[in-house]
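Let's go through this structure together and ask what stands behind each description. Here it is.

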Amino acid sequence: MSDLNELYQQLIIDHGRSPRNFAVSLNANHVREGHNPLCGDQLTIYITEKNNVVENATFQGCGCAISMASASLMTEALKGKSVERVKKIFQAFHELITIGHTDEDVGKLTVLAGVNEFPMRVKCATLAWHTMMAAIENNVDKVSTE
Ligand code: ZN
(Lines give C-alpha, C1' and ligand atoms only; values in the text may rest on other atoms or scores of the structure.)
Protein backbone atom coordinates (compact mmCIF):
# COMPACT_ATOMS: atom_id res chain seq x y z
CA MET A 1 0.00 0.00 0.00
CA SER A 2 2.83 2.40 0.79
CA ASP A 3 4.35 1.72 -2.64
CA LEU A 4 1.05 2.66 -4.17
CA ASN A 5 0.93 5.85 -2.12
CA GLU A 6 4.42 6.67 -3.30
CA LEU A 7 3.41 6.11 -6.91
CA TYR A 8 0.43 8.40 -6.40
CA GLN A 9 2.60 11.06 -4.86
CA GLN A 10 5.01 10.84 -7.77
CA LEU A 11 2.18 11.27 -10.24
CA ILE A 12 0.91 14.33 -8.39
CA ILE A 13 4.41 15.82 -8.22
CA ASP A 14 4.96 15.04 -11.91
CA HIS A 15 1.71 16.70 -13.00
CA GLY A 16 2.27 19.57 -10.57
CA ARG A 17 5.74 20.27 -11.95
CA SER A 18 5.05 19.74 -15.63
CA PRO A 19 1.31 20.12 -16.09
CA ARG A 20 -0.26 18.70 -19.27
CA ASN A 21 -2.37 20.90 -21.54
CA PHE A 22 -0.91 24.00 -19.90
CA ALA A 23 -1.71 26.60 -22.56
CA VAL A 24 -4.03 29.41 -23.54
CA SER A 25 -6.50 28.03 -26.05
CA LEU A 26 -7.55 30.70 -28.52
CA ASN A 27 -10.32 28.64 -30.10
CA ALA A 28 -11.94 27.75 -26.78
CA ASN A 29 -15.63 28.64 -26.59
CA HIS A 30 -15.91 28.31 -22.81
CA VAL A 31 -13.38 30.22 -20.73
CA ARG A 32 -13.54 30.81 -16.98
CA GLU A 33 -11.24 31.99 -14.24
CA GLY A 34 -11.21 30.45 -10.80
CA HIS A 35 -9.61 31.46 -7.55
CA ASN A 36 -8.91 29.73 -4.25
CA PRO A 37 -8.11 32.59 -1.86
CA LEU A 38 -7.32 30.18 0.99
CA CYS A 39 -4.21 28.91 -0.78
CA GLY A 40 -3.70 31.53 -3.50
CA ASP A 41 -4.40 29.16 -6.39
CA GLN A 42 -5.55 30.93 -9.51
CA LEU A 43 -6.33 29.42 -12.88
CA THR A 44 -8.17 29.85 -16.15
CA ILE A 45 -9.86 26.92 -17.85
CA TYR A 46 -10.29 26.80 -21.63
CA ILE A 47 -12.85 24.38 -23.05
CA THR A 48 -13.48 23.83 -26.74
CA GLU A 49 -16.90 22.22 -27.01
CA LYS A 50 -18.53 21.16 -30.23
CA ASN A 51 -21.82 19.27 -30.59
CA ASN A 52 -21.86 18.59 -26.84
CA VAL A 53 -18.40 17.01 -26.86
CA VAL A 54 -15.32 18.46 -25.17
CA GLU A 55 -12.85 18.50 -28.05
CA ASN A 56 -10.11 20.24 -26.13
CA ALA A 57 -9.41 21.33 -22.57
CA THR A 58 -6.46 23.42 -21.45
CA PHE A 59 -5.59 25.61 -18.50
CA GLN A 60 -3.22 28.28 -17.32
CA GLY A 61 -2.49 29.71 -13.94
CA CYS A 62 -0.41 29.35 -10.86
CA GLY A 63 -0.90 27.63 -7.57
CA CYS A 64 0.22 24.77 -5.37
CA ALA A 65 1.18 21.34 -6.71
CA ILE A 66 -2.22 19.84 -5.84
CA SER A 67 -4.19 22.50 -7.73
CA MET A 68 -1.93 22.25 -10.78
CA ALA A 69 -1.87 18.44 -10.76
CA SER A 70 -5.63 18.30 -10.41
CA ALA A 71 -6.14 20.72 -13.33
CA SER A 72 -3.62 18.80 -15.42
CA LEU A 73 -5.25 15.42 -14.73
CA MET A 74 -8.67 16.95 -15.30
CA THR A 75 -7.88 18.29 -18.78
CA GLU A 76 -6.56 14.85 -19.73
CA ALA A 77 -9.67 13.16 -18.36
CA LEU A 78 -12.14 15.42 -20.17
CA LYS A 79 -10.85 15.43 -23.74
CA GLY A 80 -13.17 13.65 -26.12
CA LYS A 81 -15.91 13.20 -23.50
CA SER A 82 -19.51 14.26 -23.95
CA VAL A 83 -20.75 17.10 -21.74
CA GLU A 84 -23.08 14.61 -20.05
CA ARG A 85 -20.14 12.32 -19.27
CA VAL A 86 -18.09 15.29 -18.04
CA LYS A 87 -20.80 16.12 -15.51
CA LYS A 88 -20.74 12.50 -14.28
CA ILE A 89 -16.95 12.57 -13.98
CA PHE A 90 -17.22 15.84 -12.04
CA GLN A 91 -19.63 14.22 -9.57
CA ALA A 92 -17.45 11.14 -9.24
CA PHE A 93 -14.36 13.28 -8.68
CA HIS A 94 -16.21 15.26 -6.04
CA GLU A 95 -17.07 12.02 -4.23
CA LEU A 96 -13.50 10.83 -4.52
CA ILE A 97 -12.13 14.02 -2.99
CA THR A 98 -14.73 14.50 -0.26
CA ILE A 99 -15.35 10.91 0.88
CA GLY A 100 -12.24 9.22 -0.49
CA HIS A 101 -13.84 6.83 -2.98
CA THR A 102 -16.31 6.58 -5.83
CA ASP A 103 -18.05 3.72 -7.63
CA GLU A 104 -17.39 5.35 -11.01
CA ASP A 105 -14.28 4.45 -12.98
CA VAL A 106 -12.30 7.69 -12.91
CA GLY A 107 -9.01 6.24 -14.13
CA LYS A 108 -5.90 8.18 -13.19
CA LEU A 109 -7.90 10.67 -11.15
CA THR A 110 -7.84 8.17 -8.27
CA VAL A 111 -4.33 9.44 -7.49
CA LEU A 112 -6.03 12.42 -5.89
CA ALA A 113 -8.20 10.34 -3.52
CA GLY A 114 -5.68 10.86 -0.70
CA VAL A 115 -6.48 14.57 -0.70
CA ASN A 116 -9.62 13.59 1.19
CA GLU A 117 -7.47 13.29 4.33
CA PHE A 118 -6.38 16.92 4.05
CA PRO A 119 -9.47 19.16 4.21
CA MET A 120 -7.39 22.28 3.47
CA ARG A 121 -6.28 20.69 0.21
CA VAL A 122 -9.75 19.71 -0.97
CA LYS A 123 -10.35 23.23 -2.26
CA CYS A 124 -7.04 23.16 -4.12
CA ALA A 125 -8.03 19.90 -5.82
CA THR A 126 -11.58 20.97 -6.70
CA LEU A 127 -10.81 24.51 -7.94
CA ALA A 128 -10.15 23.47 -11.55
CA TRP A 129 -13.27 21.32 -11.53
CA HIS A 130 -15.65 23.97 -10.23
CA THR A 131 -14.15 26.42 -12.72
CA MET A 132 -14.55 23.93 -15.56
CA MET A 133 -18.20 23.29 -14.66
CA ALA A 134 -18.90 27.03 -14.55
CA ALA A 135 -17.22 27.34 -17.96
CA ILE A 136 -19.27 24.56 -19.52
CA GLU A 137 -22.52 25.82 -18.02
CA ASN A 138 -21.67 29.40 -19.02
CA ASN A 139 -22.20 30.44 -15.44
CA VAL A 140 -21.18 34.08 -15.12
CA ASP A 141 -20.84 34.10 -11.34
CA LYS A 142 -17.34 34.59 -10.03
CA VAL A 143 -15.73 31.24 -9.28
CA SER A 144 -14.21 31.16 -5.86
CA THR A 145 -13.85 28.30 -3.44
CA GLU A 146 -14.76 30.71 -0.62
ZN1 ZN B 1 -3.56 25.13 -3.32
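Predicted model: local features only at pLDDT ≥ 70, side-chain atom pairs only at ≥ 80, totals over all residues.

Q: Why does the radius of gyration of the protein agree with a compact globule?
A: For 146 residues, a compact globule would have a radius of gyration near 15 Å, and the protein has 14 Å, so the two agree. Along the principal axes, the C-alpha atoms fill a box of roughly 40 × 30 × 25 Å.

Q: What makes a set of residues a nonpolar core, and which residues have the most contacts inside the largest one?
A: Its members must be buried nonpolar residues joined through side-chain atoms within 4.5 Å. The largest such core has 40 residues, and those with the most contacts inside it are I45, I47, F93, L109, L112, W129 and M132. At least two residues each come from β2 (41–50), β3 (53–62), α2 (65–78), α3 (83–99) and α4 (119–136). The largest share, 10 residues, is supplied by α4.

Q: Which residues is L109 in contact with, leaving aside neighbours within four places in sequence?
A: Contact calls for heavy atoms within 4.5 Å. On that basis L109 touches L73, M74, A77, I89, F93, L96 and W129.

Q: In what order do the elements of the protein run from the N terminus on?
A: The order is α-β-β-β-α-α-α-β, with four helices and four strands in the protein.

Technical notes: Residues numbered from 1 in each chain as written. Heavy atoms only, no water. Rg over C-alpha atoms; globule rule 2.2 N^0.38 Å. Buried < 20%, exposed > 50% of the residue type's maximum accessible area, 1.4 Å probe, protein only.
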